[in-house]
Amino acid sequence: MTSFNPNESFITYGTYKPKENIDELFERLQKPKEIKLEPRPTFLKVGTVSNVKGSAYMEYGNTKVMAQIEPPKELNKQPKKSDLLGVIVCSVKYAPFALDDVEIMNRKESFMSAALKKALGPVVCLNEFPNFQLEIKALVLDDDGCALSTAITCCGVALIDAGIPTYDLITASTACLLKEIEFFNPSSDIEDLLHSLPCITEANGLEEHGVIVVASLSTGGQVSEFFQKGYIKSDTLERLCEHLLVINQRLLDTVRHVLIDKVKYHIAQEREQIAGDTNDIKNA
């Protein structure tokens with residue numbers, strides 16, 4: 001009978017994937033024939049989870065994200081006189097069936113959580129709940145690219161559903177550059193191919209490539225988060241950012257439409273309740 005030793009080292013196993021040639025993978029990708037500064041087909045619903053303060057569910061093409069806002073919790077430590085702002089804690093998690101590789105999943109969850117906090121920090125009115133902590137959670141159910149930008153937009157809608165004071169609405173979008181081809185709203189195949197490339201610089205004499213995520217507020221034109229990985233020249237970067245801001249603005253129409261419908265639904269419910277109470281009083 002063998003005994004269990006807790007100090008014994010363990011090996012983390014993952015799914016085996018044979019290495020493929022990068023050029024061959026690129027040739028199999030579907031390339032855009034022209035630049036289309038339009039968001040993907042989007043489905044957005046608010047109030048999907050009943051036991052939290054606010055929630056939203058978003059499908060951005062085949063990428064699916066669920067966001068929820070927990071009620072603010074009072075911090076245990078005593079606030080300083082100069083510290084009159086609340087604290088937000090953001091976490092992004094992948095569903096167990098969303099990705100096969102556990103190491104890649106943990107890496108993505110770590111940097112996406114940090115990026116989500118940076119994006120939502122300028123949006124929330126932290127002065128409205130001093131000495132309180134606001135927890136924002138995002139769950140990626142299916143990742144077909146643009147998972148970070150979808151999580152940012154979805155969490156922004158969930159904040160409105162929760163009634164959290166915000167300065168503005170926020171939307172985000174993603175672009176990739178590979179072999180002089182610009183991909184807007186790229187699929188997971190394109191993103192994975194870019195993440196697998198080695199880090200290069202201009203000194204190598206190689207071509208530009210990279211992933212860009214831009215989150216912006218609706219009215220002031222403020223960019224709340226900018227994420228980049230790869231080597232991209234400044235003029236190319238400026239052009240891609242301008243294109244992403246256009247996509248963000250067009251995605252904002254869908255967000256506003258969903259939120260306005262939600263308000264109309266609540267107003268209709270209140271009117272029905274008032275009418276029912278009035279009838280009960282008359283019948284009494």
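This is a predicted model: local features need pLDDT of at least 70, side-chain atom pairs count only at pLDDT 80 or more; totals for chains, interfaces and linings use all residues.
Local features here need pLDDT of at least 70 and side-chain atom pairs count only at pLDDT 80 or more, while totals for chains, interfaces and linings use all residues. Residues are numbered from 1 along each chain as its sequence is written, and side-chain values use heavy atoms, with hydrogens and water left out.

I begin with the aromatic rings. Searching the whole structure gives 2 aromatic pairs; rings of Phe, Tyr and Trp (its six-membered ring) pair if their centres lie within 6.5 Å, and planes under 30 degrees apart count as stacked, over 60 as edge-to-face and the rest as tilted. Phe-43 and Tyr-57 have ring centres 6.2 Å apart and planes at 65°, so this pair is edge-to-face. Phe-43 belongs to strand β1 (residues 42–46) and Tyr-57 to strand β2 (residues 54–60), so the pair ties together parts 14 residues apart in sequence. Helices (H or I, at least four residues) and strands (E, at least two) are DSSP runs, numbered from the N terminus. Phe-43 is partly exposed at 40% relative accessible area, whereas Tyr-57 is buried at 14%. For these words, buried means under 20% relative accessible area, exposed over 50%, and partly exposed in between, with a 1.4 Å probe and protein chains only.

In the pair of Phe-111 and Phe-227, the ring centres are 5.2 Å apart and the planes lie at 15°, so the pair is stacked. Phe-111 sits in helix α2 (residues 102–120) and Phe-227 in strand β10 (residues 223–231), so parts 116 residues apart in sequence are tied together. Phe-111 is partly exposed at 29%, and Phe-227 is buried at 19%.

Strand β10 leads us to the sheet. This is an open sheet of 4 strands in the order β8-β7-β9-β10, with antiparallel pairing; two strands pair if DSSP finds at least two bridges between them. Strands β8 (181–184) and β10 stand at the edges with a single partner strand each, so one side of each has no neighbour in the sheet. Strand β7 (residues 170–178) is joined to β8 by 4 bridges, and Cys-176 has Phe-183 in β8 as its bridge partner.

Which residue of strand β10 also takes part in our next topic, the surface? Phe-226 is found in strand β10 and is partly exposed, at 35%. Val-223, Phe-226 and Leu-245 form a nonpolar patch with about 220 Å² of accessible area together. Patches are made of residues with over 30% relative accessible area and no salt bridge, with like charges joined within 9 Å and nonpolar side chains (Val, Leu, Ile, Met, Phe, Trp, Tyr) within 5 Å; areas come from the Shrake-Rupley method with a 1.4 Å probe, and for residues only the protein chains shown count as cover.Finally, the structure holds 8 salt bridges, each a side-chain nitrogen of Lys or Arg within 4 Å of a carboxyl oxygen of Asp or Glu. Among them, Asp-143 meets Lys-108 at 3.4 Å, N to O. Asp-143 lies in the loop between β6 (132–142) and α3 (147–162) and Lys-108 in helix α2, so parts 35 residues apart in sequence are tied together. Lys-108 also forms a salt bridge with Asp-192, with the closest N and O atoms 3.8 Å apart. Lys-108 is buried at 12%, whereas Asp-192 is partly exposed at 40%.
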